[in-house]
Amino acid sequence: MKHNFGAGPCILPSEVFQEASQAIIDFNNSGLSILEISHRSKAFEAVIEETEALVKDLLSVPDGYSVLFLQGGASQQFAMVPMNLLPQNGKAAYLDSGTWASKAYKEAQKFGAIEVVASSKDANYTYIPKEYTIPADAAYFHYTSNNTIYGTELFEAPQSPIPLVCDMSSDILSRKINVADYGLIYAGAQKNMGPAGVTLVIVKNDILGKTGRDIPSIFDYRKHAEAGSMYNTPPVYAIYVSLLNLRWLKAKGGIEEIERENIIKARTLYDEIDRNPLFKGTAKLEDRSRMNVTFVMENAELEKSFLALTEERGLVGLKGHRSVGGFRASIYNALTITSINTLVDLMQEFAEKNA
Ligand SMILES: *Cc1c(COP(=O)(O)O)cnc(C)c1O
(Lines give C-alpha, C1' and ligand atoms only; values in the text may rest on other atoms or scores of the structure.)
Protein backbone atom coordinates (compact mmCIF):
# COMPACT_ATOMS: atom_id res chain seq x y z
CA MET A 1 0.00 0.00 0.00
CA LYS A 2 1.37 3.35 -1.06
CA HIS A 3 0.29 6.77 0.13
CA ASN A 4 -0.29 8.59 -3.15
CA PHE A 5 0.26 12.35 -2.92
CA GLY A 6 0.51 12.73 -6.70
CA ALA A 7 -0.93 15.85 -8.34
CA GLY A 8 -2.80 14.20 -11.20
CA PRO A 9 -3.76 11.67 -12.37
CA CYS A 10 -4.12 10.91 -8.73
CA ILE A 11 -5.52 8.77 -6.00
CA LEU A 12 -9.10 7.51 -6.17
CA PRO A 13 -10.79 5.40 -3.47
CA SER A 14 -9.63 1.77 -3.48
CA GLU A 15 -13.28 0.62 -3.65
CA VAL A 16 -13.52 2.50 -6.94
CA PHE A 17 -10.46 0.71 -8.32
CA GLN A 18 -11.96 -2.64 -7.27
CA GLU A 19 -15.30 -2.06 -8.95
CA ALA A 20 -13.72 -0.46 -11.99
CA SER A 21 -11.49 -3.46 -12.54
CA GLN A 22 -14.43 -5.85 -12.18
CA ALA A 23 -16.36 -3.98 -14.88
CA ILE A 24 -13.56 -4.58 -17.36
CA ILE A 25 -14.07 -8.33 -16.99
CA ASP A 26 -17.85 -8.38 -16.69
CA PHE A 27 -19.95 -5.23 -16.58
CA ASN A 28 -23.04 -5.60 -14.34
CA ASN A 29 -23.20 -9.37 -14.99
CA SER A 30 -23.88 -8.71 -18.64
CA GLY A 31 -21.22 -11.12 -19.86
CA LEU A 32 -19.59 -8.14 -21.60
CA SER A 33 -16.75 -5.85 -20.66
CA ILE A 34 -17.49 -2.14 -20.12
CA LEU A 35 -14.80 -1.65 -22.78
CA GLU A 36 -16.80 -3.43 -25.48
CA ILE A 37 -20.37 -2.20 -24.97
CA SER A 38 -21.90 0.35 -27.31
CA HIS A 39 -22.12 3.88 -26.02
CA ARG A 40 -25.67 3.82 -27.44
CA SER A 41 -26.64 0.78 -25.38
CA LYS A 42 -29.27 0.94 -22.62
CA ALA A 43 -26.56 -0.07 -20.15
CA PHE A 44 -24.33 2.89 -20.96
CA GLU A 45 -27.26 5.29 -21.24
CA ALA A 46 -28.00 4.44 -17.61
CA VAL A 47 -24.35 5.15 -16.71
CA ILE A 48 -24.18 8.58 -18.28
CA GLU A 49 -27.61 9.56 -16.96
CA GLU A 50 -26.67 8.61 -13.42
CA THR A 51 -23.30 10.37 -13.71
CA GLU A 52 -25.00 13.57 -14.83
CA ALA A 53 -27.65 13.26 -12.12
CA LEU A 54 -24.98 12.79 -9.44
CA VAL A 55 -23.01 15.84 -10.58
CA LYS A 56 -26.23 17.87 -10.46
CA ASP A 57 -27.14 16.48 -7.07
CA LEU A 58 -23.69 16.82 -5.43
CA LEU A 59 -23.09 20.34 -6.73
CA SER A 60 -26.76 21.47 -6.61
CA VAL A 61 -26.66 22.52 -10.25
CA PRO A 62 -29.66 24.81 -10.87
CA ASP A 63 -32.02 24.61 -13.86
CA GLY A 64 -30.79 26.27 -17.02
CA TYR A 65 -27.35 24.64 -16.94
CA SER A 66 -26.03 21.77 -19.07
CA VAL A 67 -23.68 19.20 -17.58
CA LEU A 68 -21.33 17.88 -20.26
CA PHE A 69 -18.72 15.15 -20.41
CA LEU A 70 -16.13 16.04 -23.02
CA GLN A 71 -12.63 15.02 -24.06
CA GLY A 72 -9.41 16.95 -24.60
CA GLY A 73 -8.81 17.78 -20.95
CA ALA A 74 -8.91 21.18 -19.33
CA SER A 75 -6.41 22.32 -21.96
CA GLN A 76 -9.03 21.92 -24.67
CA GLN A 77 -11.31 24.15 -22.62
CA PHE A 78 -8.68 26.91 -22.81
CA ALA A 79 -9.63 27.09 -26.51
CA MET A 80 -13.29 26.05 -26.37
CA VAL A 81 -14.21 28.76 -23.88
CA PRO A 82 -13.22 31.70 -26.10
CA MET A 83 -14.47 29.91 -29.22
CA ASN A 84 -17.93 29.67 -27.67
CA LEU A 85 -18.10 32.80 -25.51
CA LEU A 86 -15.88 35.48 -27.03
CA PRO A 87 -17.70 37.43 -29.76
CA GLN A 88 -15.73 38.26 -32.87
CA ASN A 89 -14.12 41.65 -32.19
CA GLY A 90 -15.05 41.22 -28.54
CA LYS A 91 -12.96 41.14 -25.38
CA ALA A 92 -12.54 38.78 -22.44
CA ALA A 93 -10.88 39.31 -19.07
CA TYR A 94 -8.54 36.87 -17.31
CA LEU A 95 -6.86 36.62 -13.93
CA ASP A 96 -3.29 35.34 -14.12
CA SER A 97 -2.75 33.33 -10.94
CA GLY A 98 -0.54 30.51 -12.22
CA THR A 99 0.78 28.43 -15.08
CA TRP A 100 -2.61 27.01 -16.05
CA ALA A 101 -4.27 30.42 -15.85
CA SER A 102 -1.62 31.89 -18.11
CA LYS A 103 -1.97 29.03 -20.59
CA ALA A 104 -5.70 29.73 -20.64
CA TYR A 105 -5.35 33.42 -21.56
CA LYS A 106 -2.60 32.76 -24.10
CA GLU A 107 -4.87 30.32 -25.89
CA ALA A 108 -7.77 32.79 -25.72
CA GLN A 109 -5.63 35.48 -27.38
CA LYS A 110 -6.01 33.50 -30.59
CA PHE A 111 -9.72 34.37 -30.61
CA GLY A 112 -9.87 38.02 -29.60
CA ALA A 113 -8.70 40.76 -27.30
CA ILE A 114 -7.73 39.58 -23.82
CA GLU A 115 -7.34 41.85 -20.83
CA VAL A 116 -5.29 40.31 -18.03
CA VAL A 117 -6.70 42.21 -15.04
CA ALA A 118 -3.97 41.18 -12.60
CA SER A 119 -1.07 38.77 -12.26
CA SER A 120 1.03 37.35 -9.44
CA LYS A 121 3.71 36.11 -11.82
CA ASP A 122 6.30 38.54 -10.42
CA ALA A 123 6.06 36.74 -7.08
CA ASN A 124 6.26 33.30 -8.71
CA TYR A 125 2.47 32.96 -8.22
CA THR A 126 2.75 32.60 -4.45
CA TYR A 127 -0.52 34.47 -3.91
CA ILE A 128 -3.86 35.19 -5.60
CA PRO A 129 -4.10 38.78 -6.91
CA LYS A 130 -6.96 40.65 -5.25
CA GLU A 131 -6.76 44.27 -6.37
CA TYR A 132 -8.37 44.47 -9.79
CA THR A 133 -11.51 45.57 -11.57
CA ILE A 134 -13.42 43.28 -13.87
CA PRO A 135 -14.26 45.27 -17.02
CA ALA A 136 -18.03 45.34 -17.58
CA ASP A 137 -17.57 45.47 -21.35
CA ALA A 138 -15.81 42.10 -21.55
CA ALA A 139 -17.74 38.96 -22.52
CA TYR A 140 -16.62 36.94 -19.48
CA PHE A 141 -14.08 36.81 -16.66
CA HIS A 142 -11.90 33.70 -16.43
CA TYR A 143 -10.04 32.55 -13.35
CA THR A 144 -8.54 29.37 -11.91
CA SER A 145 -9.98 28.48 -8.51
CA ASN A 146 -7.07 26.26 -7.44
CA ASN A 147 -3.55 26.71 -8.71
CA THR A 148 -2.37 23.13 -8.65
CA ILE A 149 1.33 23.88 -9.15
CA TYR A 150 1.69 26.75 -6.66
CA GLY A 151 -0.75 25.60 -3.97
CA THR A 152 -3.01 28.65 -3.87
CA GLU A 153 -6.81 28.60 -3.90
CA LEU A 154 -9.53 31.18 -4.34
CA PHE A 155 -12.50 30.10 -2.25
CA GLU A 156 -14.96 32.91 -2.97
CA ALA A 157 -16.34 33.55 -6.44
CA PRO A 158 -15.34 37.14 -7.33
CA GLN A 159 -18.13 39.71 -7.60
CA SER A 160 -18.49 40.21 -11.31
CA PRO A 161 -20.65 42.28 -13.65
CA ILE A 162 -20.06 39.69 -16.41
CA PRO A 163 -20.32 35.88 -16.50
CA LEU A 164 -17.65 34.05 -14.52
CA VAL A 165 -15.77 31.20 -16.18
CA CYS A 166 -13.75 29.04 -13.83
CA ASP A 167 -11.14 26.32 -14.27
CA MET A 168 -11.89 24.10 -11.25
CA SER A 169 -9.79 21.15 -12.41
CA SER A 170 -8.08 20.58 -9.09
CA ASP A 171 -10.73 21.55 -6.55
CA ILE A 172 -14.06 20.55 -8.10
CA LEU A 173 -16.13 18.43 -5.70
CA SER A 174 -13.80 19.25 -2.79
CA ARG A 175 -15.93 22.00 -1.29
CA LYS A 176 -19.28 23.71 -1.62
CA ILE A 177 -19.69 26.08 -4.56
CA ASN A 178 -22.65 28.08 -5.78
CA VAL A 179 -22.99 27.08 -9.43
CA ALA A 180 -25.41 29.96 -10.04
CA ASP A 181 -22.45 32.36 -9.57
CA TYR A 182 -20.91 31.00 -12.78
CA GLY A 183 -21.52 31.10 -16.49
CA LEU A 184 -19.26 28.14 -17.05
CA ILE A 185 -17.21 25.75 -14.91
CA TYR A 186 -14.80 23.21 -16.33
CA ALA A 187 -12.56 20.55 -14.84
CA GLY A 188 -10.32 17.84 -16.18
CA ALA A 189 -11.56 14.82 -14.23
CA GLN A 190 -8.20 13.39 -13.25
CA LYS A 191 -7.70 15.40 -10.08
CA ASN A 192 -10.80 14.85 -8.03
CA MET A 193 -13.55 13.36 -10.12
CA GLY A 194 -12.19 10.33 -11.92
CA PRO A 195 -9.53 9.10 -14.30
CA ALA A 196 -7.92 11.06 -17.12
CA GLY A 197 -9.88 11.16 -20.36
CA VAL A 198 -13.04 13.01 -19.44
CA THR A 199 -13.61 16.69 -18.77
CA LEU A 200 -16.59 18.02 -16.88
CA VAL A 201 -18.24 21.20 -18.19
CA ILE A 202 -21.16 22.90 -16.48
CA VAL A 203 -22.47 25.71 -18.65
CA LYS A 204 -25.37 28.13 -18.35
CA ASN A 205 -27.31 27.61 -21.54
CA ASP A 206 -28.28 31.22 -22.14
CA ILE A 207 -24.68 32.46 -22.46
CA LEU A 208 -24.14 30.30 -25.56
CA GLY A 209 -24.71 31.15 -29.20
CA LYS A 210 -23.76 34.81 -29.03
CA THR A 211 -20.37 35.00 -30.74
CA GLY A 212 -21.32 35.16 -34.41
CA ARG A 213 -18.62 32.56 -34.94
CA ASP A 214 -19.06 29.42 -37.02
CA ILE A 215 -17.80 26.96 -34.41
CA PRO A 216 -16.63 23.52 -35.55
CA SER A 217 -19.28 21.09 -34.22
CA ILE A 218 -16.92 19.08 -32.08
CA PHE A 219 -15.96 22.28 -30.19
CA ASP A 220 -19.51 23.63 -29.91
CA TYR A 221 -21.01 23.25 -26.42
CA ARG A 222 -24.53 23.47 -27.88
CA LYS A 223 -23.93 20.43 -30.08
CA HIS A 224 -22.72 18.42 -27.09
CA ALA A 225 -25.62 19.64 -24.95
CA GLU A 226 -28.22 18.76 -27.60
CA ALA A 227 -26.71 15.30 -27.93
CA GLY A 228 -26.51 14.64 -24.18
CA SER A 229 -22.68 14.40 -24.41
CA MET A 230 -23.06 11.79 -27.16
CA TYR A 231 -22.32 13.95 -30.17
CA ASN A 232 -19.58 11.41 -30.86
CA THR A 233 -18.33 8.41 -28.91
CA PRO A 234 -17.83 9.62 -25.36
CA PRO A 235 -14.99 8.34 -23.14
CA VAL A 236 -17.12 5.46 -21.87
CA TYR A 237 -14.73 4.00 -19.33
CA ALA A 238 -13.58 7.32 -17.90
CA ILE A 239 -17.22 8.32 -17.39
CA TYR A 240 -17.99 4.99 -15.75
CA VAL A 241 -15.10 5.27 -13.29
CA SER A 242 -16.15 8.86 -12.54
CA LEU A 243 -19.62 7.52 -11.77
CA LEU A 244 -18.17 5.05 -9.28
CA ASN A 245 -16.24 7.86 -7.63
CA LEU A 246 -19.31 10.13 -7.48
CA ARG A 247 -21.32 7.31 -5.89
CA TRP A 248 -18.54 6.91 -3.31
CA LEU A 249 -18.66 10.64 -2.57
CA LYS A 250 -22.45 10.64 -2.26
CA ALA A 251 -22.40 7.59 0.03
CA LYS A 252 -19.88 9.17 2.39
CA GLY A 253 -22.06 12.24 2.86
CA GLY A 254 -21.50 14.37 -0.24
CA ILE A 255 -19.74 17.71 -0.52
CA GLU A 256 -20.50 18.82 3.01
CA GLU A 257 -18.76 15.79 4.53
CA ILE A 258 -15.79 15.80 2.13
CA GLU A 259 -15.25 19.52 2.73
CA ARG A 260 -15.21 18.93 6.47
CA GLU A 261 -12.57 16.20 6.03
CA ASN A 262 -10.54 18.25 3.56
CA ILE A 263 -10.37 21.16 6.01
CA ILE A 264 -9.06 18.86 8.75
CA LYS A 265 -6.55 17.20 6.42
CA ALA A 266 -5.15 20.50 5.16
CA ARG A 267 -5.01 22.03 8.63
CA THR A 268 -3.15 19.01 10.02
CA LEU A 269 -0.45 19.27 7.37
CA TYR A 270 -0.12 23.08 7.39
CA ASP A 271 0.10 23.03 11.21
CA GLU A 272 3.09 20.71 10.99
CA ILE A 273 4.74 22.79 8.25
CA ASP A 274 4.35 25.90 10.42
CA ARG A 275 5.46 24.16 13.62
CA ASN A 276 8.38 22.13 12.30
CA PRO A 277 11.58 24.24 12.15
CA LEU A 278 12.85 22.37 9.08
CA PHE A 279 9.95 23.22 6.77
CA LYS A 280 8.17 26.30 5.47
CA GLY A 281 5.13 26.82 3.24
CA THR A 282 5.54 28.61 -0.09
CA ALA A 283 2.04 30.04 -0.59
CA LYS A 284 0.79 33.18 1.13
CA LEU A 285 -1.11 32.18 4.29
CA GLU A 286 -4.56 33.46 3.33
CA ASP A 287 -4.39 31.86 -0.12
CA ARG A 288 -3.24 28.41 0.91
CA SER A 289 -4.85 25.61 -1.06
CA ARG A 290 -6.72 22.77 0.59
CA MET A 291 -5.84 20.46 -2.29
CA ASN A 292 -2.16 21.06 -3.08
CA VAL A 293 0.11 21.87 -0.16
CA THR A 294 3.42 23.35 -1.33
CA PHE A 295 6.43 23.60 0.98
CA VAL A 296 10.21 23.73 0.99
CA MET A 297 12.94 23.16 3.57
CA GLU A 298 14.72 25.96 5.33
CA ASN A 299 17.91 24.14 4.42
CA ALA A 300 17.48 23.16 0.78
CA GLU A 301 20.36 20.72 1.04
CA LEU A 302 18.21 18.42 3.15
CA GLU A 303 15.42 18.18 0.57
CA LYS A 304 16.92 15.29 -1.34
CA SER A 305 17.29 13.10 1.69
CA PHE A 306 13.79 13.89 2.97
CA LEU A 307 12.33 13.04 -0.43
CA ALA A 308 14.28 9.77 -0.46
CA LEU A 309 12.94 8.96 3.00
CA THR A 310 9.34 9.55 1.92
CA GLU A 311 9.79 7.24 -1.04
CA GLU A 312 11.43 4.59 1.12
CA ARG A 313 8.37 4.64 3.42
CA GLY A 314 5.86 4.34 0.57
CA LEU A 315 4.83 8.00 0.26
CA VAL A 316 4.83 8.82 -3.44
CA GLY A 317 4.34 11.92 -5.57
CA LEU A 318 5.69 14.46 -3.08
CA LYS A 319 8.29 16.11 -5.28
CA GLY A 320 7.31 19.71 -5.99
CA HIS A 321 6.67 20.93 -9.51
CA ARG A 322 9.91 22.04 -11.15
CA SER A 323 8.77 25.68 -11.21
CA VAL A 324 8.42 25.78 -7.40
CA GLY A 325 10.85 23.12 -6.19
CA GLY A 326 10.63 21.54 -2.76
CA PHE A 327 7.55 19.48 -2.08
CA ARG A 328 3.91 19.35 -3.03
CA ALA A 329 1.46 17.16 -1.19
CA SER A 330 -1.68 16.80 -3.24
CA ILE A 331 -4.34 15.85 -0.76
CA TYR A 332 -7.40 15.25 -2.92
CA ASN A 333 -10.72 13.82 -1.72
CA ALA A 334 -9.65 10.17 -1.71
CA LEU A 335 -6.44 10.72 0.25
CA THR A 336 -7.12 9.71 3.86
CA ILE A 337 -6.19 11.43 7.09
CA THR A 338 -4.07 8.33 7.77
CA SER A 339 -1.84 9.28 4.83
CA ILE A 340 -1.60 12.85 6.15
CA ASN A 341 -0.66 11.60 9.60
CA THR A 342 1.97 9.31 8.08
CA LEU A 343 3.56 12.28 6.34
CA VAL A 344 3.39 14.44 9.47
CA ASP A 345 5.03 11.66 11.53
CA LEU A 346 7.80 11.38 8.98
CA MET A 347 8.42 15.15 9.05
CA GLN A 348 8.74 14.94 12.82
CA GLU A 349 11.03 11.93 12.66
CA PHE A 350 13.21 13.72 10.12
CA ALA A 351 13.34 16.87 12.25
CA GLU A 352 14.50 14.88 15.29
CA LYS A 353 17.25 13.20 13.27
CA ASN A 354 18.43 16.50 11.84
CA ALA A 355 18.00 18.67 14.93
C1 LIG B 1 -4.05 19.79 -14.52
C2 LIG B 1 -4.67 21.09 -14.78
C3 LIG B 1 -4.95 21.53 -16.08
C4 LIG B 1 -4.59 20.73 -17.31
O5 LIG B 1 -5.46 19.68 -17.43
P6 LIG B 1 -5.42 18.70 -18.71
O7 LIG B 1 -6.66 17.89 -18.47
O8 LIG B 1 -4.16 17.93 -18.63
O9 LIG B 1 -5.51 19.53 -19.93
C10 LIG B 1 -5.58 22.75 -16.23
N11 LIG B 1 -5.91 23.50 -15.17
C12 LIG B 1 -5.65 23.12 -13.90
C13 LIG B 1 -6.05 24.00 -12.77
C14 LIG B 1 -5.02 21.90 -13.67
O15 LIG B 1 -4.76 21.52 -12.42
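The following questions and answers cover salt bridges and cavities in this predicted model.

In this predicted model, local features need pLDDT of at least 70, side-chain atom pairs count only at pLDDT 80 or more, and totals for chains, interfaces and linings use all residues. Residues are numbered from 1 along each chain as its sequence is written, and side-chain values use heavy atoms, with hydrogens and water left out.

Trainee: How many salt bridges does the structure hold?

Mentor: Side chains of opposite charge can pair when their charged atoms come close. A salt bridge here is a side-chain nitrogen of Lys or Arg within 4 Å of a carboxyl oxygen of Asp or Glu. The structure holds 20.

Trainee: Which strands does the salt bridge of Lys91 and Glu115 tie together?

Mentor: The two side chains meet at 2.8 Å, N to O. Strands (E, at least two residues) are DSSP runs, as are helices (H or I, at least four), numbered from the N terminus. The pair is 24 residues apart in sequence, so it ties together E3 (residues 91-96) and E4 (residues 113-119).

Trainee: Is Arg288 buried or exposed?

Mentor: Arg288 forms a salt bridge with Asp274 (2.9 Å, N to O). Buried means under 20% relative accessible area, exposed over 50%, and partly exposed in between (1.4 Å probe, protein chains only). Asp274, at 48%, is partly exposed. Arg288 has 13% relative accessibility, so it counts as buried.

Trainee: What is the volume of the largest cavity?

Mentor: On a 1 Å grid over the protein atoms alone, a cavity is a set of points where a 1.4 Å probe fits but cannot get out; lining residues have an atom within 4 Å of a point. Grid points are joined across faces, edges and corners, and a volume is the space filled by probe spheres set on the points. The structure holds two cavities of 30 Å³ or more. The largest has about 40 Å³.

Trainee: How many residues lining the largest cavity are charged?

Mentor: Ala, Val, Leu, Ile, Met, Phe, Trp, Tyr, Cys and Pro count as nonpolar, Asp, Glu, Lys and Arg as charged, and the others, Gly among them, as polar. The lining includes Cys10, Trp248 and Lys191. It divides into seven nonpolar, three polar and, as charged, one.

Trainee: Which domains does the lining of the second largest cavity draw on?

Mentor: Tyr125, Thr282 and Val324 are among its lining residues. Domain bounds come from an automatic or database domain assignment. At least three residues come from each of domain 1 (14-252) and domain 2 (254-353).

How values were computed
1 Å grid on protein atoms, 1.4 Å probe; cavity = no way out; pocket = protein on both sides within 12 Å on 5 of 7 lines; lining within 4 Å.
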